[in-house]
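Let's take a walk through this protein, one piece at a time. Keep the structure open while you read.

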Amino acid sequence: MNRYLPEPLYFGEPACFGWLHRAQRAAAGLPVLICGPLGAEDLSAHTLLRQAAEALAARGLPCLRFDPAGSGDSAPLEPQTDAVAAALASLHAAIQALRAATGAPRVALLGLALGATLAALAASRREDVAAVAAWVPVVSGRAMLREWKMLGAAGLPSVLHPDGSLESGGFHYSAATCEALSALSLLLPLARPAARMLVIDRADLPGAGPWCQALANSGVALDEATLPGFEGLMAVPHLVVQPQAMLDRAVDWLLQVSQQLAPAAAPLLALPPPGVMDLCVDGRAVRERALRLGGAGHEPALFALRTDRVGVSSLAPRTAVLMLNTGAERRIGPHGQFVALARRWAAQGSLVLRLDLAGLGDSPAREGESAQQVYPAKALADMACAVRYL
């Protein structure tokens, strides 16, 4: 199946997993780093962020999207770590990785929700960010934290522990993370994030107005839009409705600004193979690597992540575990649990494969079929492909 596919890679320390989308035509300008949210919002937003990268690459802008350390397929963090600081450090590492891949002196950032907030904070501390597009930024971390805590009052999973840590929406946030979120605010004095900015607010509950006013007062060339669709994006993954108006507005703006600020961007450089990510799990060395399975003829090239223990002979009898998408969630599973399970089972000697079925996660759909189909009709064929590999 001959079609464009992004390239998986690892970068930074702790290692982050990311996808590099090469421009599918002559480079039109600035490369774009895509910064997603954390927690439950990350599960819902994965397809939108992939679509944004694909749309930008199709119009000539190379992109990098990634999982910050401690989230998705990236290296885990210690339980008490400040995940906000870790995500911000990962964002800085991602900017360096994108610049190294493209040879470009400057980049643009596209962020969603908390990812937009962290993108603005990172840009305010750097000289190599030329433009920032922010989808529904979190203006007040304290307000967001309050919403997470209120889920418990609404009968949804939310537990505030005596040590100050929080479980909300199936994700654990350390006390240090909660403290960092409480102090996070875009209305505090900070350096100008970028000379050119786009802020897209949600139509149902707009909240970015005060920040937009502060940006305009600081001399930013600011474009604003209030568009519908964010509430449909924040549903559980199999019920998500993509906010097409928000996607189109951001892509068009980034292309326009990119052509103005960097009309002759450097082509994407050749990269070394993505390699592997080595981890220590329960005192044992575990290795994770990205794979493509199938892809012959009209079959899609399925994406999978293989996890196994370092030093175990490929000839030794051992258990093989195949983990499949739950509904429309990508291979990380409900609340990211499949990642931890795969690594722990690998530490015990098993070979574990986390697979995205065709049309889900990062596996392309079959020709003529739509993506995001829950339990697709040809799932058994995809499973058979994975079983043959195992």
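## Strands side by side

Find I34: its bridge partner in β4 is R65. This is a predicted model, so treat it as one while you explore. Strand β3 (residues 32-35) and strand β4 (residues 63-67) run parallel, and three bridges join them.

Zoom out and you'll see an open sheet of eight strands with mixed pairing, in the order β1-β2-β4-β3-β5-β6-β10-β11. At the edges sit β1 (7-11) and β11 (221-227), each pairing on one side only. From one strand to the next, the twist averages 20°.

## Helices on the sheet

Helix α3 (residues 114-123) packs on the sheet and touches β3, β5 (107-112) and β6 (129-135). The direction of α3 makes about 150° with that of β5. Helix α6 (residues 209-217) lies across β6, β10 (196-202) and β11, and runs at about 165° to β10.

## A closer look at α2

Just after α2, G103 has a positive phi of about 70°.

In soluble globular proteins, nonpolar side chains tend to be buried together. Here, the largest nonpolar core has 93 residues, and L33, L91, L109, L110 and W135 touch the most other members. Helix α2 gives the most to this core, with nine residues. L110 touches residues including L33, L56, W135 and L254.

Methods
Residues are numbered from 1 along each chain as its sequence is written. This is a predicted model: local features need pLDDT of at least 70, side-chain atom pairs count only at pLDDT 80 or more; totals for chains, interfaces and linings use all residues. Side-chain values use heavy atoms; hydrogens and water are left out. Helices (H or I, at least four residues) and strands (E, at least two) are DSSP runs, numbered from the N terminus. A nonpolar core is a set of buried Ala, Val, Leu, Ile, Met, Phe, Trp, Tyr and Cys residues joined through side-chain atoms within 4.5 Å. Buried means under 20% relative accessible area, exposed over 50%, partly exposed in between (1.4 Å probe, protein chains only). Contact means heavy atoms within 4.5 Å. Two strands pair if DSSP finds at least two bridges between them. Axes are lines fitted to C-alpha atoms, for helices over the stretch in contact, and angles run from 0 to 180 degrees between N-to-C directions. Lists of a residue's contacts leave out its neighbours within four places in sequence.
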